[in-house]
Protein chains: 2
Amino acid sequence: MTNERPPDRRVRRTKQRLDDALESLIIEKGYDKITVQDLIDRADVGRSTFYAHYETKDDLLISWTQLADDMELHMAHEQLDAGSAMPSLTLFRHLGEHHHLYKAMLGGRGIDIVTEMIHSTLLGHATSVLERRPDANDQTTIPIEVRAGFLASSLLALLTWWLDNDRPYPPERMDEIYEELTKTT
Amino acid sequence: MTNERPPDRRVRRTKQRLDDALESLIIEKGYDKITVQDLIDRADVGRSTFYAHYETKDDLLISWTQLADDMELHMAHEQLDAGSAMPSLTLFRHLGEHHHLYKAMLGGRGIDIVTEMIHSTLLGHATSVLERRPDANDQTTIPIEVRAGFLASSLLALLTWWLDNDRPYPPERMDEIYEELTKTT
DNA sequence: TTTGGTATAGAACATCATGTCTGATAACAA
DNA sequence: TTGTTATCAGACATGATGTTCTATACCAAA
């Protein structure tokens, strides 16, 4: 139904430039201090060109972080087969590999939109895991909703702390810690 | 040494007006959408008057949230005698009593500065509790720093979830849940 | 109640970022 | 080559910021 035509080469170039500008500026000065002016200066793109594609700064970020979001989902699927409840090890490894970027997006002065995106992804994962587990309600009377939120928030908090403190432990150790802290048996 | 003179009655009036304006505007439209123009309009205060006392919007917020921060500390002391590790029950009760304000400050579109302030307070409390406990390192090899961060973040996450979802359970139940989820014995 | 000090109001002002719109130009796909 | 379309450069209105000025009103203390 939706007739999707491949975008013009010029469009691709423009968007690529803006994406690159956004990423470098996030690492340099933090997202909230970036202005549209900064973006079009760095990308060397006309003012009207920016507004031809995006309405706001957030617009650009959202379409950009689709990539990051897809990554999370992809990793979640990878880990699903491993039997672990949450894809913690994979996440520590992946975020560690791109720590410059993720520290700027999750750490102290992070980007709310990105944090919410990742939290939402983790929450969905935790929920589906708990729902599929038959003995999920045997040990506790705490609603699944609450436990899933707890698992997601705890992992996000550990990841954020890890990045903020310049990754003092290897991903494997962080995974162990997460498992032990959230094991309420 | 520091000769602290009581502030002029006019100064007190102005600051009080700005504080009231800030609080009502936070609840109404959220902190990030507030402009200095909004504040001086609502407070009915001259533009130059605002800048005579504060440099930025954040300046006003910080001096304002000293009150909230002091409240947290006060509650922490109250609870210390009760023997519980974290002042969770007191916090759920207090935030529930002022849920309109705290939902706007902690919830989905919250205020980073306030969140960080509260988290910092909780972290300090958790750290001192764990440090004073003699058997703190018997059961686990996880560093105190990490466990304290986990306790603080978990409580903050539960509080935030509770406010965002319009407090579906009473404070007493939330306290139970928190104790059970963070009991890793 | 007066007096000297000071906070405030009101307004003007420069600056900056935003978002819209125009016509001319260049690059594109077919 | 041709018709289409993205881009550019620039102008423009708007709104918020932060500074500065003077006259005025208020205050605390004598």
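This is a predicted model: local features need pLDDT of at least 70, side-chain atom pairs count only at pLDDT 80 or more; totals for chains, interfaces and linings use all residues.

Entry 1, the total. I counted salt bridges over all chains and got 14. I then looked up individual pairs.

Which residue forms a salt bridge with A:Asp166? The partner is A:Lys103, and the closest N and O atoms are 2.9 Å apart. I placed A:Asp166 in the loop between helix H8 (144–164) and helix H9 (171–181) of chain A, and A:Lys103 in helix H6 (residues 99–106), so the pair ties together parts that are 63 residues apart in sequence. I also looked up the accessibility of A:Lys103: it is partly exposed, at a relative accessible area of 33%.

I found B:Asp112 and A:Arg109 in a salt bridge, 3.5 Å from N to O. This pair crosses between chains: B:Asp112 belongs to helix H7 (residues 112–132) of chain B, and A:Arg109 to the loop between H6 and helix H7 (112–132) of chain A. B:Asp112 is partly exposed with a relative accessible area of 25%. A:Arg109 is partly exposed with 45%.

Which side chain does B:Arg109 meet in a salt bridge? I found A:Asp112, at 3.5 Å from N to O. The pair crosses between chains, with B:Arg109 in the loop between helix H6 (99–106) and H7 of chain B and A:Asp112 in helix H7 of chain A. For B:Arg109 I noted a relative accessible area of 46%, which is partly exposed. For A:Asp112 I noted 26%, which is also partly exposed.

Key. Residues are numbered from 1 along each chain as its sequence is written. Chains are lettered from A and ligands numbered from 1 in the order in which they are written. Side-chain values use heavy atoms; hydrogens and water are left out. A salt bridge is a side-chain nitrogen of Lys or Arg within 4 Å of a carboxyl oxygen of Asp or Glu. Helices (H or I, at least four residues) and strands (E, at least two) are DSSP runs, numbered from the N terminus. Buried means under 20% relative accessible area, exposed over 50%, partly exposed in between (1.4 Å probe, protein chains only).
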